[in-house]
Amino acid sequence: MSMKEQFEEALRGKAWEWGVVSTGDLIFSPELHKACEQNVCGNYNKNWGCPPGNGTLEELKAKILAFPKAMVFTTKYDLEDSFDFEGMEVAGEAHRKLTVEMMERFGKTNPVYGAGCCTVCKECSYPEPCRFPGKAVSAVEAAGISVGDLSRTAGVKYNNGESTVTYFSMLLFNE
Ligand code: SF4
């Protein structure tokens, strides 16, 4: 079974959509990477999955481009309305769970990038060494990759309709 087929088998019934991109088609935006410094999410300099802990843009780019392909996958969650913040939390948690599951299954050989900071531990050990390097997940956007661009390149929807929320992750592979 090819790597792509193994990913698909693992994602079936859990992810909403998926698609394969050539990493050479990804756009690494220095502006997006730098935007993390504004710390809107509160994780800057606090988590190994986010800048500056997960490396410079050049380091992240080199790590990603070392693999020719990426499997992009999404989860979609229906909200009660666009103010359903509790629903967004539930959706984020479900997405993180699937991302960690993929990491546990394939992460030894296939780096995984998720939606936002690493949430494997309740509180990240940063700046002390990561407790679970084999499980830690880095953020897609912290590598300067816009999720909007990623969705177009992978052919998966960025927006799945009114009162829904969609989260993105990706796994790198060689085939
Ligand atoms: S596994 Fe734990 S210590 Fe390591 S980056 Fe994730 S949250 Fe931080």
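**The largest cavity and its surroundings**

Reply: The largest cavity is lined by Asn47, Trp48, Cys118, Val120, Cys121, Cys124, Ser125, Cys130, Arg131, Phe132 and Ala136. The model is predicted, and local features need pLDDT of at least 70, side-chain atom pairs count only at pLDDT 80 or more, and totals for chains, interfaces and linings use all residues. Residues are numbered from 1 along each chain as its sequence is written, and side-chain values use heavy atoms, with hydrogens and water left out.

Rolling a probe the size of a water molecule over the atoms shows where empty space is left. The search runs on a 1 Å grid over the protein atoms alone: a cavity is a set of points where a 1.4 Å probe fits but cannot get out, a pocket is an open set with protein on both sides within 12 Å along at least five of seven lines, and a lining residue has an atom within 4 Å of a point. Points are joined across faces, edges and corners, and a volume is the space filled by probe spheres set on them.

The largest cavity holds about 90 Å³ of space. Its lining has 8 nonpolar, 2 polar and 1 charged residues, where Ala, Val, Leu, Ile, Met, Phe, Trp, Tyr, Cys and Pro count as nonpolar, Asp, Glu, Lys and Arg as charged, and the others, Gly among them, as polar.

Lys46 is in the loop between α2 and α3; helices (H or I, at least four residues) and strands (E, at least two) are DSSP runs numbered from the N terminus. With neighbours within four places in sequence set aside, Lys46 is in contact (heavy atoms within 4.5 Å) with Cys124 and Tyr126. Of these two partners, Cys124 is one of the residues lining the largest cavity, while Tyr126 is joined to Pro127 by a cis peptide bond with omega of about 10 degrees. Pro127 sits in the loop between β3 (112–114) and β4 (138–139).

Asn39 lies in the loop between α2 and α3 and has a positive phi of about 60 degrees although it is not a glycine. Pro52 is found in that loop too, between α2 (30–35) and α3 (57–65), and a cis peptide bond with omega of about -5 degrees joins Pro51 to Pro52. For context, most residues other than glycine have a negative phi, and most peptide bonds are trans.

In total, the structure holds 2 cavities of 30 Å³ or more. α4 gives the most to the lining, with 4 residues.

About 320 Å³ of space lies in the second largest pocket. Among its 16 lining residues, Lys63, Pro133, Ala136, Val137 and Ser138 are closest to the centre. The elements giving two or more residues to this lining are α3 and β3. By class, the lining has 12 nonpolar, 3 polar and 1 charged residues.

The largest pocket has about 720 Å³ of space. It is lined by 28 residues, with Cys41, Ala115, Gly116, Glu141 and Val147 closest to its centre. α2 and β5 (164–173) are the elements that give two or more residues to this lining, and β5 has the largest share, 5 residues. The lining divides into 18 nonpolar, 9 polar and 1 charged residues.
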